[in-house]
Amino acid sequence: MPARKPNIVIMYADDLGFGDVGCYGGTAIPTPNIDRLAAAGLRFTNGYATAATCTPSRYSLLTGDYPWRNPQAAILPGDAPLIIDTKRATLPSLLRNAGYATGVVGKWHLGIGDGDTDWNKPIRNTPNDIGFDYSYIMGATNDRVPCVYVENRDVVGLDPADPIEVTYDHDKAFPGEPTGRDNPELLKMRYSHGHDCSIVNGVSRIGYMRGGKSALWIDEEMGDVFAAKAVEFVEQHADEPFFLYYAFHQPHVPRLPHPRFVGATQLGPRGDVIVEMDWCVGQMLNALDRLGLTDDTIVVFTSDNGPVLDDGYEDGAAELVGDHTPAGPLRGGKYSRYDGGTRLPFILRYPRGARTGESDALVSQLDFTASFAALTGAAMPDNAAVDSVNTIDALFGTSKTGREELVTEGTQARTLLRSGRWAFLPAIDGPRYSGTTGNETGLSHWDQLYDLSADVGQRRNVASDHPEVVATLRARLQALQRAPRTR
Ligand code: NG6
Ligand code: CA
């Protein structure tokens with residue numbers, strides 16, 4: 001164990017797929033910075049989020065609990081209250097207790113405020129209430145109102161004479177304010193489904209807002225804004241151990257790259273914003289190099305859920321995708337129960353302590369809490385991070401053995417069990433394809449069992465060949481979900 005506690009930087013992409021980046025076999029989108037991180041680190045081929053959507057995956061990353069333990073851990077509107085219990089230990093609070101400076105920059109989407117938030121006053125229930133010393137966030141997603149940054153407890157750049165109002169209730173929409181539905185002539189990017197409410201920066205969003213003109217973000221600048229804040233946090237804490245959770249907004253919709261990245265790929269805005277995100281990764285890696293911190297810093301890069309092409313705006317993602325396969329060889333994508341929803345780029349670099357190369361150990365973001373707590377000597381209370389397992393040896397590549405099993409979920413907490421070589425998806429009736437995004441749901445009237453060691457693309461359902469495996473895994477999944485857990 002090195003004398004100095006390692007810094008920890010988790011960089012978290014939004015909707016980036018297993019096959020989108022160069023080091024995972026993608027060729028259509030140049031990602032030199034992510035590739036350089038992988039070349040100097042460990043690249044996992046069985047690295048998982050817990051869910052195929054944002055909020056539940058982030059919930060697991062920061063709490064070490066499975067999302068299905070908290071029914072609120074589902075895609076949240078922008079006015080939803082904080083869903084993490086402020087009395088429980090979290091990854092950031094444990095690290096803070098272990099002597100770390102803790103910060104979050106970027107996308108939050110775990111609720112903020114109390115459900116009836118007055119955005120014009122200091123906000124209660126921000127990341128600062130669950131263990132972060134510093135936060136500079138967008139509260140929900142880049143397609144949801146309010147389209148403002150929040151720094152610690154305050155909306156950034158707000159003019160008190162022009163207060164912000166927010167509602168997600170269609171009946172309370174602000175009369176006279178333009179919407180995507182009524183004023184398509186004001187849009188620079190049209191919506192394809194949903195996203196027909198308030199217009200901010202020429203883009204209609206989910207939800208309604210009014211006022212706060214001086215505080216509204218400009219989507220094209222968001223990558224630069226977050227990168228500057230993330231680098232600033234690292235610079236300010238270069239002399240003490242720090243934990244930074246840097247959550248990108250790319251390549252989530254609306255995809256609006258800075259003009260200098262427009263045309264960086266042949267794939268349209270989706271490809272271009274991935275190049276922009278890769279540049280942001282580079283800003284962080286360069287800062288660590290410049291400050292002499294690279295050897296002592298654990299850098300993780302992964303994504304919250306798998307890819308989607310049309311997620312609600314007409315940005316050409318589906319039309320321009322060509323031969324590019326965002327999920328690589330995996331089936332499904334965002335929202336899906338198939339592996340494309342949750343198996344993601346997952347890279348860890350730690351020159352002082354981790355091996356380099358490739359690992360097929362089963363690892364999950366769910367285990368960061370227990371693993372980093374154990375590594376840093378943080379004391380873990382009984383009720384903390386109940387599903388998180390200390391897999392630091394697998395994460396550092398000193399062991400080939402990671403988890404034996406992992407529960408993941410498609411949208412709306414439709415769970416499945418990944419166990420050894422198997423993925424077991426208990427029957428849940430429903431449409432095979434999402435009517436809006438076109439992604440495969442993984443829903444079926446029949447049980448599904450896939451042998452991932454022979455069939456990574458989940459093409460051959462072998463449930464009827466292995467009834468005993470199906471029975472065992474069904475019972476195991478039920479037992480896991482039924483049992484109240486403590487550490
Ligand atoms: C969906 C949105 C989608 C995206 C998603 C959340 C519609 C029709 N679709 O409800 O555009 O915002 O929520 O994505 O509104 S996530 O990555 O934050 O989970
Ligand atoms: Ca996401």
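**Helices, core and domains of the predicted model**

Helix α4, which covers residues 222-236, has 15 residues and should therefore span 21 Å at 1.5 Å a residue, and this agrees with the 21 Å that separate its end C-alpha atoms; the expected span is 1.5 Å times one less than the number of residues. Helices (H or I, at least four residues) and strands (E, at least two) are DSSP runs, numbered from the N terminus. The structure is a predicted model, in which local features need pLDDT of at least 70 and side-chain atom pairs count only at pLDDT 80 or more, while totals for chains, interfaces and linings use all residues. Residues are numbered from 1 along each chain as its sequence is written, and chains are lettered from A and ligands numbered from 1 in the order in which they are written.

The buried residues of α4 are M222, G223, F226, A227, K229, A230, V231, F233 and V234, where a residue is called buried if 20 or more other C-beta atoms, placed from the backbone, lie within 10 Å of its own, exposed if 12 or fewer do, and partly exposed in between. These buried residues pack against the strands β4 (101-107), β5 (134-138) and β12 (242-247), and also against helix α5 (269-290). Helix α5 has 22 residues and reaches 31 Å from its first C-alpha to its last, close to the 32 Å expected at 1.5 Å a residue. Of the 22 residues of α5, 17 are buried, and the helix is thus mostly covered. It is followed by G292, whose phi is positive, near 70°.

The largest nonpolar core has 139 residues, of which M11, A230, L244, Y246, V281 and M284 touch the most other members; such a core is a set of buried Ala, Val, Leu, Ile, Met, Phe, Trp, Tyr and Cys residues joined through C-beta atoms within 7 Å. Helix α5 gives the most to this core, with 11 residues. When residues up to four places away in sequence are not counted, L244 touches V9, G103, V105, A230, F233 and V234, contact being taken as C-beta atoms, placed from the backbone, that lie within 7 Å.

The domain assignment gives domain 1 (7-160 + 217-395) and domain 2 (405-482), with bounds that come from an automatic or database assignment. The C-alpha centres of domain 1 and domain 2 lie 26 Å apart, and 28 residues of domain 1 are in contact with 24 residues of domain 2. The side of domain 1 that touches domain 2 has 14 nonpolar, eight polar and six charged residues; Ala, Val, Leu, Ile, Met, Phe, Trp, Tyr, Cys and Pro count as nonpolar, Asp, Glu, Lys and Arg as charged, and the others, Gly among them, as polar.

Two single residues may be set side by side. L62, in helix α2 (residues 54-63), is buried because 26 other C-beta atoms lie within 10 Å, and, leaving aside neighbours within four places in sequence, L62 is in contact with I84, T90, L91 and P92. Q266, in the loop between β12 and α5, is partly exposed because 13 other C-beta atoms lie within 10 Å. Although Q266 and I29 are 237 residues apart in sequence, their C-alpha atoms are 8.3 Å apart in space.

Around ligand 1 there are 18 residues, of which T53, C54, G194, D311 and G312 come nearest, a residue being near if its C-beta atom, placed from the backbone, lies within 6 Å. This shell has four nonpolar, 10 polar and four charged residues.

Key. Two residues are in contact if their C-beta atoms, placed from the backbone, lie within 7 Å.
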